[in-house]
Amino acid sequence: STVYDLSDADLEQTYGITVPELPASVTAALDVYFSTLLQDVYVLGTVNIVMTDHLQDGNFLDSGYSDFTDAELHQMLTDVHDVYYAALFDSYTQN
């Protein structure tokens with residue numbers, strides 16, 4: 001799925017799409033049904049960012065349960081952190 005910036009004046013021409021005109025009642029209903037869901041996405045994403053930061057502070061010991069090294073596990077945590085951070089905050093941090 002793709003998310004478009006609907007405030008972009010050239011959106012339809014740039015991407016070859018037609019942005020539908022939604023009645024105010026539909027927009028209001030979407031806000032009612034999805035605002036809490038969207039808030040939960042931000043909460044979950046923020047929790048995941050914070051948890052990866054905390055886990056990065058430690059070391060992963062060889063336990064025999066995983067073939068991944070400490071460095072590989074730290075890189076995976078960095079990747080998870082970066083994905084969530086980009087999903088939540090990229091539109092606010094780009095120039």
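1. **H81.** H81 sits in helix 3, which spans residues 70-93. Helices here are DSSP runs of H or I with at least four residues, strands are runs of E with at least two, and numbering starts at the N terminus. H81 counts as buried because its relative accessibility is 18%. The cut-offs are under 20% relative accessible area for buried and over 50% for exposed, with partly exposed in between (1.4 Å probe, protein chains only). H81 touches I49, T52 and D53, with residues up to four places away in sequence not counted. A contact is a pair of heavy atoms within 4.5 Å.

2. **Basis of the model.** This is a predicted model, in which local features need pLDDT of at least 70 and side-chain atom pairs count only at pLDDT 80 or more, while totals for chains, interfaces and linings use all residues. Residues are numbered from 1 along each chain as its sequence is written, and side-chain values use heavy atoms, with hydrogens and water left out.

3. **Fold and dimensions.** The order along the sequence is α-α-α. The radius of gyration is 20 Å, whereas a compact globule of 95 residues would have one near 12 Å. That radius is taken over C-alpha atoms, and the globule rule is 2.2 Å times the number of residues to the power 0.38. Along the principal axes, the C-alpha atoms fill a box of roughly 60 × 30 × 25 Å.

4. **Burial and contact range.** Buried residues make up 8% of the 95 residues. Take the contacts between residues at least 6 apart in sequence: 41% of these join residues at least 24 apart.

5. **Surface.** The chain has an accessible surface of about 8000 Å², and carbon and sulfur atoms account for 58% of that. Areas come from the Shrake-Rupley method with a 1.4 Å probe; for residues, only the protein chains shown count as cover.

6. **Nonpolar patch.** A nonpolar surface patch has about 1100 Å² of accessible area together, and its members include L22, V26, F34, Y42 and Y92. Patches take residues with over 30% relative accessible area and no salt bridge; like charges are joined within 9 Å, and nonpolar side chains (Val, Leu, Ile, Met, Phe, Trp, Tyr) within 5 Å. A salt bridge needs a side-chain nitrogen of Lys or Arg within 4 Å of a carboxyl oxygen of Asp or Glu. Helix 2 (residues 24-56) gives the most, with 9 residues. L22 lies in the loop between helix 1 (11-15) and helix 2. L22 is partly exposed because its relative accessible area is 48%.

7. **H74.** H74 also belongs to a helix, namely helix 3. H74 is buried, since its relative accessible area is 13%. Its side chain makes a polar contact with the side chain of Q56 at 2.5 Å. Such a contact is a pair of N or O atoms within 3.5 Å; within protein, one must be able to donate a hydrogen and the other to accept it, and residues adjacent in sequence count only if both atoms are side-chain atoms. A polar atom of the H74 side chain lies 3.0 Å from the backbone oxygen of G58. Beyond its neighbours within four places in sequence, H74 is in contact with L55, Q56, G58, N59 and F60.

8. **L73.** L73 is found in helix 3. Neighbours within four places aside, L73 is in contact with F60 and F68. L73 and I17 are 41 Å apart, C-alpha to C-alpha, and 56 residues apart in sequence.
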